[in-house]
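Take a moment to turn the model around before reading on.

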Amino acid sequence: MKIIIVGDGQVGTTLTEYLAKEGYDITVIDNNPKVIANVVNMYDVMTVSGNGANYDVLVDAGAEKADLLIAAANSDEVNILSCLMAKKIGTKHTIARVRNPEYAQQLVFIREELGLSMVVNPEFEAAREISRVLRFPAAIKLDCFSKGRVELAEIKLSEKGLLTGRRLSELYKVCREKILICAVQRDEHVIIPDGNFVLAAGDKIHITGSHAALAAFFKDVKMFKEKSKRVMIIGGGKIAYYLGRHMTDAGIDIKIIEKNEKRCLELSEALPRATVICGDGTDQDTLIEEGLQSSDACVVLLGSDEENIIISLYVQSQGVEKVITEIERMSFTDMVESVGIDSFVSSNEITASRIIRYVRSMQVSEETSMKTLYKIVNNQAEAIEFAISHKTDYTDIPLKDLKTQKGILFAGIIRRGQVIIPGGNDCLQVGDSVIVVAGSGYNIKELEDVFES
């Protein structure tokens, strides 16, 4: 498959890295010669220097024969124009990154009327992910499948936790809820566990189940926390706007700290039910005066990874129970976790995951289709949801009789709106949605890839 990526900023670089590893034929377009030189040095891809909305540049990049163009330049307008030009030249599918909130209500129109395959808004997606965690703060991260019927929660085990030292086959002694521990991160290793696996302090575990089952599970293991009711947001950018809209619609008390006076006025008009303070979010006195210590949660969105990390550490020192940090440079991940910041979000990673799901879906069979894909365990594993639309060789056969590849686990089945945590005697049926968790290196495009050939 031939893919053209327009713009090699943070999103473009992330996509280039992931898609090049998966063996696609990649051409990168960027108008910065230094960026082009770096791409050539780091990845086995073709490059074209120039404006991705320029006809001649797109022709040089092979748009006439391209299967997909992904426009991720800094300008929304350039991205939309790149997609329109590529479609006219002959590119089969196009995806545009559109970030401006002014276009938020027009995304369906932009996609359908202009013929784009997908329009993705990184800040909106990041805000939605943050809002899920704020509603379920016991989790470090929370992903949803099948319109929220199944959730995938990440938590970290403490020294004195009820799960620490437990064998997975013995979980029934502390909890009888229908949940499944489907992946464990221990130090730098990712494990897809079986019943003999023993949990240890410091493990990050990923659990699937319905929302009600997960809530009951957290109560059973003494980790449950009420949803955040008073949230301070430090930084008033696009993510803050979308998050404020999510949270105020849910009746949550929101206070935004932003030092740019003009931006404060814009936020006050756009979010009349939020409290917007014109002040420096890096100033300790300002944060204390505005009620940091009485907040249930704090979201740090200053636009600089370094500032976000420093302020998050300070916020934690003030006893705020839930802190969520925006981190875009994933090279910071290990450092961030080592200093105790567990909940962080990257709009670039979220965008890349959505686009990768679409890319893989372009190659699947008619029997199954990929509905959702999340990168989990610091991008070392994937949780993927498939819909089964036709009878196949693996439907109506007990899972224990199916030969799956090592390092792959069935984490959930959604059947007629009901959630099934699968056991060996359960079967896959036509009409099911099935969630699969796989370690790195599998490059699963369809459900058939899960089974041994």
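Arg416 counts as exposed because its relative accessibility is 72%; exposed means over 50% relative accessible area, buried means under 20%, and partly exposed is in between (1.4 Å probe, protein chains only). You'll find Arg416 in the loop between strand E20 (408-415) and strand E21 (418-420). Its phi is near 50°, a positive value in a residue other than glycine.

A word on ground rules. This is a predicted model, in which local features need pLDDT of at least 70 and side-chain atom pairs count only at pLDDT 80 or more, while totals for chains, interfaces and linings use all residues. Residues are numbered from 1 along each chain as its sequence is written, and side-chain values use heavy atoms, with hydrogens and water left out.

**Another positive phi**

Back to phi. Most residues other than glycine have a negative phi. Lys222 is not a glycine either, yet it has a positive phi of about 60°. Lys222 sits in the loop between helix H7 (211-220) and E12. Is Lys222 buried or exposed? Lys222 is exposed, as its relative accessible area is 69%.

**The whole protein**

Now zoom out. The protein has 13 helices and 22 strands; these are DSSP runs numbered from the N terminus, with helices (H or I) of at least four residues and strands (E) of at least two. Its C-alpha atoms fill a box of roughly 65 × 65 × 40 Å along the principal axes.

How much of the protein is buried? Buried residues make up 53% of the 453. The accessible surface comes to about 20,100 Å², and 46% of it belongs to carbon and sulfur atoms; areas come from the Shrake-Rupley method with a 1.4 Å probe, and for residues only the protein chains shown count as cover.

Contact means heavy atoms within 4.5 Å. Take the contacts between residues at least 6 apart in sequence: 62% of these join residues at least 24 apart.

The expected span is 1.5 Å times one less than the number of residues.

| Helix | Residues | End-to-end C-alpha distance | Expected span |
|---|---|---|---|
| H4 | 76-89 | 20 Å | 20 Å |
| H11 | 305-317 | 19 Å | 18 Å |

An α-helix has 3.6 residues a turn, so residues three or four places apart point the same way. Keep that in mind as you look at which residues are tucked in. In H1, the buried ones are Val11, Gly12, Thr14, Leu15, Thr16, Tyr18 and Leu19. In H4, they are Asp76, Asn79, Ile80, Ser82, Cys83, Ala86 and Ile89. In H11, they are Asp305, Asn308, Ile309, Ile311, Ser312, Tyr314 and Val315.

What does the covering? For H4, the cover includes strand E1 (2-6), helix H3 (55-60), strand E4 (68-71), strand E5 (93-97) and helix H5 (107-113). For H11, the cover includes strand E12 (230-234), helix H10 (284-289), strand E15 (297-300), strand E16 (322-326) and helix H12 (333-338).

Look at what comes after each helix, too. H1 is followed by Gly23, with a positive phi near 90°. Just after H4, Gly90 has a positive phi of about 140°, and just after H11, Gly319 has one of about 85°.

**Two residues on the inside**

Thr16 lies in helix H1 and counts as buried because its relative accessibility is 0%. Setting aside neighbours within four places in sequence, Thr16 is in contact with Ile5, Asp8, Val28, Tyr43 and Val45. Val39 is 23 residues from Thr16 in sequence, and their C-alpha atoms are 8.5 Å apart.

Ile3 lies in strand E1 and is buried, with a relative accessible area of 0%. Which residues does Ile3 contact, leaving aside neighbours within four places in sequence? They are Leu19, Tyr24, Asp25, Ile26, Thr27, Leu68, Ile70 and Val359. Tyr241 is 238 residues from Ile3 in sequence, and 33 Å separates their C-alpha atoms.
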